[in-house]
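Open the model in your viewer and keep the selection panel at hand.

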Amino acid sequence: MIKTKPFSISKLLLQEAYVRVKANGGTAGVDELNLFKYEQDHRNHLYRLWNQMSSGSYMPLPVLLVEIPKKGGGLRPLGIPTVTDRIAQTTVTMILEPMLDKIFHKDSYGYRPNKSAKDAIGTARARCWKHDWVLDVDIKGFFDNIPHDLLMKAVRKHTESKWILLYIERWLKAPVQQTDGTLAERTKGTPQGAVISPLLANLFLHYCMDEWLRLNYPSCPFERYADDSVIHCKTEAQAMDLQLKLSERLKACGLEMHPEKTRIVYCGKANPIITPTFIAFDFLGYTFRRRKAKNKQGEYFTSFLPAISNKAKVAIRDKMRTWQLHRKGGSDLKGLASMINPVLRGWINYYGAFYKTELYGVLQHMNRLLARWAMRKYKRLRRRKVKAIRWMSEISERNPHLFEHWRIGIRPLGWIITAV
């Protein structure tokens, strides 16, 4: 007699989840089994996982704690599940995401199909022109403080699958392995770094915040990307009332609005009757404030516009420094271009989408680093900065598509003119 499994889980779905995890890459978890090692015996690994999940015996391993630097300083804790746990979480995400995405608010942009951070920034820009005030919301330690009971209540509202509910609960309760090897129990929160965390976070904030705003403040549109949100208000009084009421709502849901980072920002006319406390805010790597703009007739005016933030500029320069181009004397320009162009292309596509001239100064820094590389590589250019820049400029004229920032006109010669 053949024994049937208590849970019916598709092997093909598990295989597809593995392909996705493999494509996304990532490091090993607490078991030190990385994707390369997993691939060598992936059939047996996947069969074992399917057998455990189908029988109800699957138990996730502890989450490995890794701390990475924040753009604004300090460290951000990331929880890295094992490859096996990432595949299991991806399997559940593939089932839940299509049904949950249908109920999410149109202005929830984070980690959703066919939506992006650039979409959120563009919408925020347009609404800042129509609403004079913004409530810039910061939720203190959002991912670490989501109450498990309320989150599971939201999940149960959309699925009755016993194995999905069982394993989500186990993932939420899986302990964290600290850097010294000790284990810390988790009674709330969902770790950043877990595959399923963005979907669960979106679901929680959908009921905690998005739906609450829709029902109680229908005249205040918002843009939310994960826990990063801006809400538009017509008057300062409305913004102040919203801040108070939303703070109470978040508290009732086990969260806390950051008292210092949450701000009411004025984005209306250049000269208000009363000077507001804040006239700019950051959102998704962009700073929104009044800037010079030019209309189709060539006339200048001021408008409330987004451009790359100073924090993002610092982060880009820091990343450039990690390349240490001046130490790559054995490389040629084509080799350098193949290494850094994918990153440059990503910066240009994202931070060049709005008010791209603010990005130019950062990209010009790339030319300084290339000139420094040339001075280190060629004896005739050593200690001859201007000559190195002119040499690089001649190359950019002959091959303007070699580096991504040269394609949009940020050439070494332009840097000389700017510097002088």
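Start by selecting helix H10. Gln238, Ala239, Leu242, Leu246 and Leu250 are buried there; buried means under 20% relative accessible area, exposed over 50%, and partly exposed in between (1.4 Å probe, protein chains only). Look down the axis of H10: its buried residues fall within an arc of 90 degrees, so they line one face of the helix. The arc is that of the directions from the helix axis to the C-beta atoms. An α-helix has 3.6 residues a turn, so residues three or four places apart point the same way.

This is a predicted model: local features need pLDDT of at least 70, side-chain atom pairs count only at pLDDT 80 or more, and totals for chains, interfaces and linings use all residues. Residues are numbered from 1 along each chain as its sequence is written, and side-chain values use heavy atoms, with hydrogens and water left out.

Turn to the other side of H10. Ala237, Lys251 and Ala252 are exposed there.

Now show the neighbours. The buried residues of H10 pack against strand S3 (133-138), helix H9 (197-216), strand S7 (228-233) and strand S8 (263-266). Contact means heavy atoms within 4.5 Å. Helices (H or I, at least four residues) and strands (E, at least two) are DSSP runs, numbered from the N terminus.

Check the length of H10 (residues 236-252). Its 17 residues should span 24 Å at 1.5 Å a residue, and its end C-alpha atoms are 24 Å apart, which agrees. The expected span is 1.5 Å times one less than the number of residues. Step just past H10 to Gly254, which takes a positive phi of about 85 degrees.

Next, select helix H8 (residues 162-173). Its 12 residues should span 16 Å; the end C-alpha atoms are 17 Å apart, which agrees. Which residues of H8 are buried? They are Trp163, Ile164, Leu165, Tyr167, Ile168, Trp171 and Leu172. Their cover includes helix H3 (42-55), helix H4 (83-101), helix H7 (148-156) and H9.

Move on to His326, in the loop between helix H11 (310-323) and helix H12 (333-351). Is His326 buried or exposed? His326 counts as buried, because its relative accessibility is 15%. Not counting residues up to four places away in sequence, His326 touches Arg372, Trp373 and Arg376.

Finally, zoom out. The protein chain has 16 helices and 11 strands. Its C-alpha trace spans about 80 × 60 × 40 Å along its principal axes. Buried residues make up 47% of its 420 residues.
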